[in-house]
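User: Could you walk me through how to read a few features of this model?
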Amino acid sequence: MPNKRIQIFDTTLRDGEQVPGCQLNTNEKIEIARALESLGVDVMEVGFPISSPGDFHSVQQIASIIKDSTVCALSRAVEKDIEVAAEAVAKAKRPRIHTGIGTSDSHIFDKLKSTREKVLERGVAAVKFAKKYVEDVEFYAEDAGRTENEYLAKIVEAAIKAGATVVNIPDTTGYCLPWQYGEKIKYLKENVKGIDNVHISTHCHNDLGLATANSIAGVVNGATQIECTINGIGERAGNASLEESVMILRQHKDLDFDTGINTKLLKSMSELVSSKMRMPVQPNKAIVGANAFAHSSGIHQDGVIKSRETYEIIDPHEVGVNESSIVLTARSGRAALNFRAKKLGFDVTREEMEGYYQNFLQIADEKKVVQDQDLIVLFSKTAAHSA
Ligand code: KIV
Ligand code: ZN
């Protein structure tokens, strides 16, 4: 039985690019879009064309270049937005318009000053209007995470009837717990007519650090598309991270899901986005952080040197990282020091090692991380001399 294929919808160039200080010019966006295409994303959302002439231009340029991924543009449930989005993606080989409206009581009553009935009508009208331009229309129910399930099912069903090919269920405020988000998707699967003929999409924000977990809960309960960003960037605390979502599905064979992502490009993709957006990646970030495959405690180093799998669940090569690293600090043990000595070309006896190790600890306490240069100096002395 083949794995269930999950669509990866990358929104680095839309939700990610909304982050203050992360704005890109057209050339930078094109470079990232090309890299996303090579990475193998199924869909890339590349802008909100009504928002500015620059964004419109970038979406238009990317749409005319990208061939292998669907190119998607965002709009509100407003005719002018949709017209402009349609014009921006007109040259795309596979164009998609993403349109929708807030569906939680807070959005309907406080933001839109409207009613549930009118919001449903606007959602349906937006989908129908977008269908005049493209076949592939994705409907989003903004703040679905805090929308009552019965009403959510009603508007999603109406959007499907109006022609939506994908229904996006955003946890816009990152409020849901994984099982609550999963139950929401299950509820829609069980209560919406026509749902089996469309893709259900997750779009989870990270306000409580649950964006990736919620996306996976969504998929386990029937969603077939994950919206995510490189390095998890996005509004406020960000979106579900692409690299985490993809690697969870890949590593958990028991779930029987897969994506079309070339995981060997994940590390370089992360570096590209980080440098273009001037947004450093936290060292302990899963999959792509500088410490994701670095081992510093003596117990862990001893284990990894004997067998990588003792402390690593991912082969670093799988995500484009050359090798695991053994970081030498005052918490490192003799096994790690011996391992590094061999790598640097020094053949050290067990007796000599004891002397070197005591010296090494002094250097480590002083310098925090001991570099190869320090070790070359250390091993070039005799054990007796250094003791
Ligand atoms: O978070 C959200 O709800 C969104 C929608 C516009 C899809 O970004
Ligand atoms: Zn969002």
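Analyst: Let's start with the metal: along the chain, the donors of the zinc ion (ligand 2) are spaced D-x187-H-x1-H. Donors here are N, O and S atoms within 2.8 Å of the metal (3.2 Å for Na, K and Ca), and sites may look incomplete since water is not among the atoms. Aspartate 15 sits in the loop between strand 2 (7-10) and helix 1 (26-39) and histidine 203 in strand 8 (residues 199-204), so the pair ties together parts that are 188 residues apart in sequence. Helices (H or I, at least four residues) and strands (E, at least two) are DSSP runs, numbered from the N terminus.

User: Which atoms are the protein donors of the zinc ion (ligand 2)?
Analyst: Asp15 (OD), His203 (NE2) and His205 (NE2), lying 2.1 Å from the zinc ion. One caveat: this is a predicted model, where local features need pLDDT of at least 70 and side-chain atom pairs count only at 80 or more, while totals for chains, interfaces and linings use all residues. Residues are numbered from 1 along each chain as its sequence is written, chains are lettered from A and ligands numbered from 1 in the order in which they are written, and side-chain values use heavy atoms, leaving out hydrogens and water.

User: Is aspartate 15 buried or exposed?
Analyst: Buried means under 20% relative accessible area, exposed over 50%, and partly exposed in between (1.4 Å probe, protein chains only). Aspartate 15 is buried at 2%, and histidine 203 is buried too, at 4%.

User: What should I look for in phi?
Analyst: Most residues other than glycine have a negative phi. Aspartate 143 has a positive phi of about 65 degrees although it isn't a glycine. Aspartate 143 lies in the loop between strand 6 (136-142) and helix 6, buried at 0% relative accessibility. Asparagine 231 also has a positive phi, near 65 degrees, and is found in the loop between strand 9 (225-228) and helix 9 (242-251).

User: At what angle do helix 6 and helix 7 pack?
Analyst: Axes are lines fitted to C-alpha atoms, for helices over the stretch in contact, and angles run from 0 to 180 degrees between N-to-C directions. Helix 6 (residues 149-161) and helix 7 (residues 178-191) pack at about 55 degrees, with axes 10 Å apart. The two are therefore oblique: under 35 degrees counts as roughly parallel, over 145 as roughly antiparallel, 65 to 115 as roughly perpendicular and the rest as oblique.
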